[in-house]
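Biologist: Could you walk me through how to read a ligand site and then the fold around it? Please take it feature by feature.

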Amino acid sequence: MTHIKLPPGITAIDAPLAGVAVDTPAGSGVIYFNGAHVAAWTPAGQRPVLWLSDHTALESGKAIRGGIPLLWPWFGAGADEQHAPSHGIARIATWDLLQAEVSPAGTASIVLSLDGAAVDASLAPDLPRDFQLRLHIRMGTTLAVQLVVIAGEEELVFEEGLHSYFAVGDIQKTRIEGLDGAAFHDRPSGSTATQQGVITFSGETDRIYESQQTLRIVDEEWNRTLLIEKVGSKQSVVWNPWIDKAAAMGDLGDDEWREFVCVEAVNVRDQSITVKPRSRHLISQTISVE
Ligand code: TA6
């Protein structure tokens with residue numbers, strides 16, 4: 001449970017996981033302390049913007065399928081493809097609630113923290129223990145999520161990302177704008193290429209784009225456009241598992257591939273981040289409905 005006084009509009013929850021629920025005139029959402037996981041966000045008058053699988057685990061120490069998983073300190077299985085758990089330890093650690101406020105306009109500002117000393121050393125044995133992570137969340141008519149990585153006495157080298165799952169009416173009637181001309185690494189084939197025009201979806205799509213651009217998710221089915229802005233991120237990942245990969249994932253319904261697209265702000269592989277002792281790095285994503 002939380003130990004700080006919560007303002008009207010933010011309430012403590014303890015099931016299915018400990019966390020806080022936001023419900024103000026500007027919007028609503030849920031943040032779990034497991035992974036500092038923003039699991040839901042719905043701006044006032046809109047459909048839900050973040051997607052969450054009906055089949056996700058919601059257990060302490062387990063990854064959550066949907067919302068905004070944090071990727072840190074490695075992406076996937078890491079550059080050497082030898083690391084576990086997938087996408088690192090931040091998403092399965094229990095974070096502390098540092099701050100919870102609501103503005104007169106109804107925007108909830110919430111800060112969560114993770115102290116390196118509190119992380120199971122066996123999960124990342126070569127990680128210095130004196131790092132600190134902070135997640136700053138501003139949830140209202142827009143959603144801003146900022147991950148701050150603070151090095152202690154030792155230099156930190158890491159991959160990172162905000163692995164956001166966006167709800168769409170039908171992935172087959174959805175396109176991503178803003179990556180035309182961007183180089184990308186296609187993970188299923190291992191090849192590299194340059195994006196021609198908008199991204200549409202007709203099969204498994206798992207690509208790391210070299211791009212700092214603002215992106216748009218244009219959802220024809222729901223007649224909605226999501227604006228995805230970012231700071232401190234040199235790459236964007238676009239992912240949809242499609243049919244076969246969805247069927248092989250235990251925490252994803254066989255037909256749920258139709259309902260979401262991941263557009264992720266990341267710094268991975270040759271864009272990994274090095275933070276000098278007692279310095280910090282910030283990466284953020286701001287989401288709005290146009
Ligand atoms: O960001 C895309 C990706 O790396 C995909 O390859 C897929 O593995 C996805 O992340 C989900 O990863 P997870 O560890 O959450 O199952």
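**The ligand site and its chain**

Modeller: A polar side-chain atom of histidine 87 lies 3.0 Å from an oxygen atom of the ligand, a polar contact being a pair of N or O atoms within 3.5 Å. This is a predicted model, in which local features need pLDDT of at least 70 and side-chain atom pairs count only at pLDDT 80 or more, while totals for chains, interfaces and linings use all residues. Residues are numbered from 1 along each chain as its sequence is written, and side-chain values use heavy atoms, with hydrogens and water left out.

Biologist: How far from an oxygen atom of the ligand is a polar side-chain atom of arginine 187, and how far is one of glutamate 264?

Modeller: For arginine 187 the distance is 2.8 Å, and for glutamate 264 it is 2.9 Å. On its own the ligand has 390 Å² of accessible area (Shrake-Rupley method, 1.4 Å probe), of which the protein covers 88%.

Biologist: Which classes of residue make up the shell around the ligand?

Modeller: The shell has six charged, three polar and three nonpolar residues, where Asp, Glu, Lys and Arg count as charged. Among the residues around the ligand are Arg65, Phe75, Asp206 and Trp239, each with a heavy atom within 4 Å of the ligand.

Definitions and conventions: Polar contact = N/O pair within 3.5 Å; in protein donor to acceptor, adjacent residues only side chain to side chain.
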